[in-house]
Amino acid sequence: MNEMNELIELTQLDALVEPKKNKKEMVEPKDLLIYEREYWESGFERIAGIDEVGRGCLFGDVVAAAVILPRDLILEGVNDSKKLTEKKRDALYDIIMEKALSVGIGYADAETIDQLNIKQAARLAMKRAVEALEGVPDYLLVDAEKVDVNIPQLSIIKGDANSQSIAAASIIAKVTRDRLCKEDWDTLYPEYGLSIHKGYATKFHREQIMARGATPMHRRSFLGNLLGEQHTLF
């Protein structure tokens, strides 16, 4: 096969795999600094983006991140962490950690989730992430939530797809939690496949809970009838 035929075949394959983009997306990339610029121009210098991950998991902490980026910095490729490959998230994690003025991480464990409910636990993790920042931010941009701190803030629906600061926080939170699943938590409970499903309710995960019982890090309020008469083994 000559190089031209090979190029044609690769182009045709890409067309099958890659979703078509409309002309507006191709010509006009989304501006993820619209909200940040509005508040920078209003005098708020240190703007923190806030997001959390792990809300829907059966196992482990909900993890939140707060990220303050330098004014007018544009991070190419930053987007909602769920839309990125693991390799891309890991690369952007390193860039964000290097470029950010400050990064804070907050956690709420399974026991807290069971005591409070997942919404309140996620908000608590967000609060802890803000409190873990170096210095107090001037303004918060939050992904569809309210953080219980005395700082001006704006809740943005689908914030991780509309604000670079929130998207950066989404990446930091996602990579942080995924690494806990693949390293610390999978080492503690290797039979549950945490490194693969990250604590979500996959068929294998549910089968292992039924066979082995729930660990102390499973969210018992999420398990419902799944456990039945099963007893905790740990």
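This is a predicted model: local features need pLDDT of at least 70, side-chain atom pairs count only at pLDDT 80 or more; totals for chains, interfaces and linings use all residues.
Select β1 (47–53) and α7 (164–188). Each of these two elements supplies at least two residues of the pocket's lining. β1 gives the most, with 3 residues.

Now show the whole lining. Colour the lining by residue type: 9 are charged, 3 nonpolar and 2 polar. The space inside is about 270 Å³.

Next, two loops.

Select alanine 144. This residue sits in the loop between β4 (139–143) and β5 (153–156). Check its backbone: phi is positive, about 55 degrees, although alanine 144 is not a glycine. Most residues other than glycine have a negative phi. Is alanine 144 buried, partly exposed or exposed? It counts as partly exposed, because its relative accessibility is 37% and that class runs between 20% and 50%.

Move on to lysine 158. Look in the loop between β5 and α7. Lysine 158 also has a positive phi, near 55 degrees, and is a residue other than glycine. Its relative accessible area is 60%, so lysine 158 is exposed.

Last stop: colour by pLDDT. The mean for the protein is 88, and 84% of residues reach 70 or more. Then select residues 1–27, where pLDDT is below 50. Beyond near neighbours in sequence, this stretch has 3 contacts in the model. Finish at residues 229–234. Here, too, pLDDT is below 50. That stretch has 13 contacts beyond near neighbours in sequence.

How values were computed: Residues are numbered from 1 along each chain as its sequence is written. Side-chain values use heavy atoms; hydrogens and water are left out. Helices (H or I, at least four residues) and strands (E, at least two) are DSSP runs, numbered from the N terminus. Buried means under 20% relative accessible area, exposed over 50%, partly exposed in between (1.4 Å probe, protein chains only). pLDDT is the predictor's confidence in each residue, from 0 to 100. Contact means heavy atoms within 4.5 Å. On a 1 Å grid over the protein atoms alone, a cavity is a set of points where a 1.4 Å probe fits but cannot get out, and a pocket is an open set with protein on both sides within 12 Å along at least five of seven lines; lining residues have an atom within 4 Å of a point. Grid points are joined across faces, edges and corners, and a volume is the space filled by probe spheres set on the points. Ala, Val, Leu, Ile, Met, Phe, Trp, Tyr, Cys and Pro count as nonpolar, Asp, Glu, Lys and Arg as charged, and the others, Gly among them, as polar.
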